[in-house]
Amino acid sequence: MQRRRFLSLGAALALGPLLTRPARADAGHAAMGHAAMGSAAAREGLPAAADFGLPAGLPLPGLPRLANQARSGGFDGELIAGEARLPLLPGKPATAFWAYNGQLPGPAIEVFEGEEVRIRFINRLPQATTVHWHGLPIPADQDGNPHNPVRPGEEREYRFVLPAGSAGSYWYHPHPHGHTAEQVYMGLAGMFVVKSRQDPLSHLPEQWLALSDLKLDAQGRVAANDDADRMDGREGQFVLVNRAWRPRLVLGEGERQRWRIWNVTSARVLKLALPAHDALLVGSDGGLLAAPRPVRELLLAPGERAELVVTGRFRAGQPSRLLALPYARGKMMGPEQTEAIDLMEVARGAATSAAPLPETLRDIAPLPAAAVSRRVAFSEDMANPTAMFLINGKTFDMERVDFVGKAGEVEEWEIDNQADMDHPFHIHGTQFQVVSRLDGGVWRAEPYLAWRDVVNVPPGGKVKLRFRQDLPGLRMFHCHILEHEDAGMMGMLDVRA
Ligand code: C2O
Ligand code: CU
Ligand code: CU
């Protein structure tokens with residue numbers, strides 16, 4: 001009850017002070033006025049991570065799988081969204097979350113290409129919700145659009161078949177109109193992995209790493225969003241890995257492991273680095289690349305996933321840790337990240353010989369020239385508190401179709417970030433290929449082919465991408481900073497048969 005009152009008070013106060021902020025045209029980041037100061041003062045009241053006594057260095061928790069109840073083929077599972085109290089802080093009462101099946105993150109779903117998935121979903125939340133299957137090429141009416149809410153106490157079935165070629169690392173999360181950010185930060189998110197029976201890396205040991213954000217108030221409760229969260233996208237005191245703070249993963253000396261990494265934070269752009277080890281990028285959102293690529297750093301935007309092959313080298317003088325290096329994303333109110341975030345310890349295990357790594361992983365054919373091209377411009381209007389985050393000058397409208405497309409036709413979209421913050425673009429129902437990026441005023445062809453459903457677009461940057469939607473229906477596209485999505489930075493593509 002307490003929390004609900006707090007939330008509605010928060011909503012009433014939403015963005016009030018920002019009215020005073022001048023329009024973008026005549027205001028740089030230096031001219032933020034007292035709105036920013038107010039927020040800084042408010043944030044000083046937020047306890048620091050160390051104040052909670054959350055233990056670090058515990059073994060990395062696994063991600064328990066959702067049980068398959070199918071008697072003959074396919075996958076039958078049940079997901080219940082509801083309140084859950086989970087012991088988090090030592091010596092304190094349990095923390096109230098919203099969770100799928102009482103688990104944080106929600107149970108991981110692991111299925112094979114070609115299988116039919118049937119999920120009975122029950123909503124025991126005090127709000128309407130949906131389950132969106134982020135990145136999966138499934139029918140629009142099964143994809144948890146905000147147009148198909150499951151009301152409190154109601155249930156529905158989600159049913160879809162995973163097509164050949166869809167093996168990859170996906171996730172599921174709520175997508176109700178205007179409440180996605182809140183439901184995700186309260187704890188609702190789960191991982192979803194589609195496997196292939198011809199996986200060239202199936203012999204490698206796998207680690208699944210779900211990176212999420214947790215913001216607690218002084219009482220140790222999940223904090224409501226403040227003005228800075230609504231503007232910049234929420235960040236908390238903790239970036240967790242599989243619900244643990246700075247856990248410890250064991251990597252053998254010389255061992256090769258396959259890591260699937262999810263950025264399920266609301267808003268953080270994570271610039272990942274593993275200074276003591278060798279890492280090869282082998283997969284993106286929609287599965288394997290054509291061939292492994294050595295990487296020193298990996299930028300993972302909110303909603304995005306990657307697969308790495310990591311070899312245990314334990315280079316002397318380098319921290320054997322997974323870090324998120326400083327990354328400035330043009331925040332309007334909150335301070336930028338100026339220090340590396342320590343995400344996880346990589347502890348030395350017994351010497352193990354490296355499993356062989358194939359030189360090629362799979363074929364990816366470039367999508368042909370597009371039949372249609374469109375422009376999607378992100379902009380911010382700080383003078384307009386009801387329509388602050390815009391796509392092509394408009395705020396999201398549940399009744400408005402922004403583009404009409406045709407199933408099976410290749411489209412080329414140019415995403416143009418005319419705003420001051422990074423905005424990660426995401427589209428439902430398919431995977432795209434980035435063709436080129438405008439970076440520092442120069443267009444650069446994308447150096448390799450990859451299937452993605454999220455691409456970060458920095459201020460002043462542009463990205464050209466191509467996709468095909470094979471199924472008809474209404475598809476959302478939006479900024480994956482969930483607060484921006486809720487605030488209207490979203491549009492709709494109606495794909496006609
Ligand atoms: Cu994970 Cu509409 O998004
Ligand atoms: Cu999505
Ligand atoms: Cu955004």
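I take helices (H or I, at least four residues) and strands (E, at least two) as DSSP runs, numbered from the N terminus. This is a predicted model, in which local features need pLDDT of at least 70 and side-chain atom pairs count only at pLDDT 80 or more, while totals for chains, interfaces and linings use all residues. Residues are numbered from 1 along each chain as its sequence is written, chains are lettered from A and ligands numbered from 1 in the order in which they are written, and side-chain values use heavy atoms, with hydrogens and water left out.

Backbone. I noted that most residues other than glycine have a negative phi, and most peptide bonds are trans. I then turned to Arg 246, in the loop between strand E11 (244-245) and strand E12 (248-252), whose phi is positive, near 45 degrees. Arg 246 is partly exposed at 28% relative accessibility (buried means under 20% relative accessible area, exposed over 50%, partly exposed in between; 1.4 Å probe, protein chains only).

Metal site. I listed His 423 (ND1), Cys 479 (SG) and His 484 (ND1) as coordinating the copper ion (ligand 3) at 2.0 to 2.1 Å; donors are N, O and S atoms within 2.8 Å of the metal (3.2 Å for Na, K and Ca), and water is not among the atoms, so sites may look incomplete. His 423 is buried at 0% relative accessibility, and His 484 is buried at 0%.
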